[in-house]
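Thanks for coming. I will take a few minutes to walk through one structure, and I will stop at a few places in it along the way.

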Amino acid sequence: MKSRILLLFLFLWVGMAACKKNTDIAPGENFTRIYDNGEFGGSFYPIDIIPVANDGGYVILGERRLDDSNFFGVYILKVDKAGNFEWEFKAPSTYVNPLPGIFVVNNEAHFFCMDRVSLQTVVMKVGDKNASVVSTIGRVYPLAVSRTTDQGFLLQSYDRTTLNTVLTKLSSSFAITWSTNHAVLEDAEELLVNHLTRIGTRLPFLTGENGSGGYFFNGFYNYTISMVMTNASGTYTGVLNGFRYNGSVSSAVNLGSNRYAISRFYFNDNFFVPQATISSSAVASANDLKGQYMTELNPSARVMSKRLNVGGKDVIIYATDTKSNQIVIYAYESQTGTLLGTKFLGYSNPYEVANFAITEDGGLAVVGTNYINGRFPRICLFKLAKSELNKLVGS
Amino acid sequence: MLKRFTQPIFYFVLCCFLWGGHSLIALGQYKVKQKPHDKSKVRQKTAFERSQWWLGIKIGGNYTQANPTTRYSLYANTATQATADAYDKKYQSFKRAAMQFGVITSYTFWKGLSVSVQPTFKRSRYIYETNFVWQATTGSDRLEMNQNHVQTCDYLEFPVLLRYDFFRENALKPFLQAGISYAFLLNAFKDVQISGTDFAAGNTAFSNASVNTNTFTLYNPSNFGVAVGGGICYDYGNARFVLECIYKIGLNNITNGAMRYTNNEMNGIADTFDDIKTNNLEISFGLQFPLKYLVTKLYKGVNP
């Protein structure tokens, strides 16, 4: 009898051992990294991120403070799939102001930036541990660029001479297809320089396709920062007016036809409108879109939004910064605008979002700035596992 | 905060109840039948007398050593002349004491050989330090920051030990024991003390308030290992006093790799766990009572 009791306990013990949960995880499935060089000072701000298809790593496009200019220089960081540092490239200080957007052309990553002296738009290609100039486009003060469905590009720039916002359509080989001017009617260069040098308010310059066969840009127009609609030739068709330079759309994703998921700001307040109707041919006001007042967001928060397919769900992901210095991600159902989930990243030392991208393994890479010790801006990278992303959207 | 203390006590009481109850199964008495004129003969032990159950409690302290098998850091060094171990944690072995208490159940089944199961609530602590320096490339601007991390893990342990008593006819008996141990994580948290000097602000020393973070999800829910040890016991009447030492060698990674980067508070202090195995040195004082008695004038416990 006693031996049986003893055996019973031994079996129980072995059973408990067998219940050990497997908590191993593949390298790179999820991680957090802060890229620091141990220097007192120096500033590194990420702009965008793109997964590298052949090695599972990431190319991060960023900008760094220059000693000889108030503009920020081009900085490229390459990390492996586990977020480990591989190489960095500090472009010559001639090339400044990289725009959000890393585009794959002929299996190579390209991005747009500005020539510091001529202020013209420059296209650069990321090479092996470096970047080189591919093309120079005669448009000064490049502010935003996006890919079009014909694999071309839509570039927004500002002409300081004619005081126009210039919308330029580029082919896939960076040749100018057409270009249109949109009058600002006042000199906005000071605002623009403050934006580029991070001295003043950073403004949400955007470009994209409007769902009616045309395009839109969010930029300087008619004494304001407004969301301007154009036809396929870049000719003005309508506008969603902002309030001077203190209120406008801060991110926009077209959901088909005249439906959009947008965020907007009005002075220090931020609003999300995951289901907005914006006519391509009407004159309207961004303030009239109302939306959900996001009280937790940083007054100067930049908002990034993208339409993604996550776990079979068509979702809109918003990423931005909170007053508590965290990065926050919101997932909305794209057809109904229903909030699916929220996730906060970072704590204590301030974090600011720069951009995000779906990874090769179905996870989410979120790149941002971390102010180490509350003072040194450094690039940080959060990689969420596919399971975490699925959990966020409830699938 | 209250849960941190009530939870182990609950488990301890539960264990006492369960193991005490189970031991009652073995509780027995045996009436010795001896004829007066057989005093000169050595009486043969019956089957009842050839084994004994013991039940008792133990309490003591322990020290932990953490051995990193794979190192991780939130920081990735982009400096061209970066040293590979610039962000490594500096572990301090067997530095911080913690306590344990539990129940001892043992079954002596053959001469001095026993099997002992000791459900124990154990709080273990290990510590490490991280040091960071930011130095200006030109000039003397410099910032030094030191973080002292104290990791606390509460486990409910189930060691199963095979024990051999030497000189078992003596009241004072040394013993050796060895076995295996399986532990369930009940609770875990860390305290971080941050201090440093800002040479760019007039050599200003700073010390931040301790940061306390729950780290339960960052650990594997269980820990498996082997145990060796020894001790000495002293029989006084039917009571047995035990002073024992057990050295446990952890065989599995106690860090939950899937959750390594999921704690925002840890991100805030730029910390993340390495893969680690732990060794633990435990010293306990125990008191045990036999559960099988001979009904004689002295009502004596069986000594197999």
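This is a predicted model: local features need pLDDT of at least 70, side-chain atom pairs count only at pLDDT 80 or more; totals for chains, interfaces and linings use all residues.

The values I quote are computed from it.

First, the interface. On one side, 43 residues of chain A are in contact, and they meet 47 residues of chain B. The size of an interface is often given as the accessible area lost when the parts come together. Here the buried area between chain A and chain B comes to about 3900 Å², and carbon and sulfur atoms give 63% of that.

How many salt bridges does the rule find across the interface of chain A and chain B? The answer is one. It joins the side chains of R375(A) and D198(B), with 2.8 Å from N to O. As for polar contacts, there are 14 residue pairs between chain A and chain B, with both residues at pLDDT 80 or more.

Which parts of chain A supply the side that touches chain B? At least two residues each come from α1, residues 2-18, from β1, residues 31-36, and from β4, residues 72-79. The largest share comes from α1(A), with eight residues. Sorted by class, this side of chain A has 24 nonpolar residues, ten polar ones and nine charged ones.

There is also strand pairing between the chains. β1(A) pairs with strand β3 of chain B, residues 75-77, in the parallel sense, over three bridges. Within β3(B), N77(B) is the residue opposite D36(A).

Now chain B by itself. Its secondary structure consists of two helices and 16 strands. Chain B has 304 residues, and 50% of them count as buried. If we take contacts in chain B between residues at least 6 apart in sequence, 75% of these join residues at least 24 apart.

One residue to look at in chain B is S114(B), in strand β6, residues 113-117. Is S114(B) buried or exposed? S114(B) counts as buried, because its relative accessibility is 3% and the cut-off is under 20%. Its side chain makes a polar contact with the side chain of T108(B), at 3.1 Å. Apart from neighbours within four places in sequence, S114(B) is in contact with Y107(B), T108(B) and F109(B), and also with L161(B), L162(B) and R163(B).

Strand β11 of chain A, residues 142-147, pairs with β12(A) in the antiparallel sense over five bridges. One of the bridge pairs is S146(A) with L154(A) in β12(A). The two strands form a hairpin with five residues between them, and in the turn Q151(A) has a positive phi of about 70°.

β12(A), residues 153-159, is mostly covered, with six of its seven residues buried. On to its pairing with strand β13 of chain A, residues 164-170: the two run antiparallel and are joined by seven bridges. Here S157(A) stands opposite V166(A) in β13(A). This hairpin has four residues between the strands, and L163(A) takes a positive phi near 55°.

Then F220(A), which lies in strand β16 of chain A, residues 215-221. Its relative accessibility is 0%, so F220(A) counts as buried. Leaving out neighbours within four places in sequence, its contacts include Q156(A) and Y158(A), as well as T165(A), H182(A) and Y245(A). F220(A) and G242(A) are 22 residues apart in sequence, and their C-alpha atoms are 9.6 Å apart in space.

Another residue is S305(A), in strand β24 of chain A, residues 304-310. S305(A) is buried because its relative accessible area is 13%. Its side chain makes a polar contact with that of S251(A), at 2.9 Å. Not counting residues up to four places away in sequence, S305(A) touches residues including A252(A), V253(A) and F356(A).

Last, helix α3 of chain A, residues 386-393. Its buried residues are E388(A), L389(A), N390(A), L392(A) and V393(A). After α3(A) comes G394(A), with a positive phi near 75°.

That is where I will stop.

Conventions. Residues are numbered from 1 along each chain as its sequence is written. Chains are lettered from A and ligands numbered from 1 in the order in which they are written. Side-chain values use heavy atoms; hydrogens and water are left out. Contact means heavy atoms within 4.5 Å. Buried area is the accessible area (1.4 Å probe) that two parts lose on being put together, summed over both. A salt bridge is a side-chain nitrogen of Lys or Arg within 4 Å of a carboxyl oxygen of Asp or Glu. A polar contact is a pair of N or O atoms within 3.5 Å; within protein, one must be able to donate a hydrogen and the other to accept it, and residues adjacent in sequence count only if both atoms are side-chain atoms. Ala, Val, Leu, Ile, Met, Phe, Trp, Tyr, Cys and Pro count as nonpolar, Asp, Glu, Lys and Arg as charged, and the others, Gly among them, as polar. Two strands pair if DSSP finds at least two bridges between them. Buried means under 20% relative accessible area, exposed over 50%, partly exposed in between (1.4 Å probe, protein chains only).
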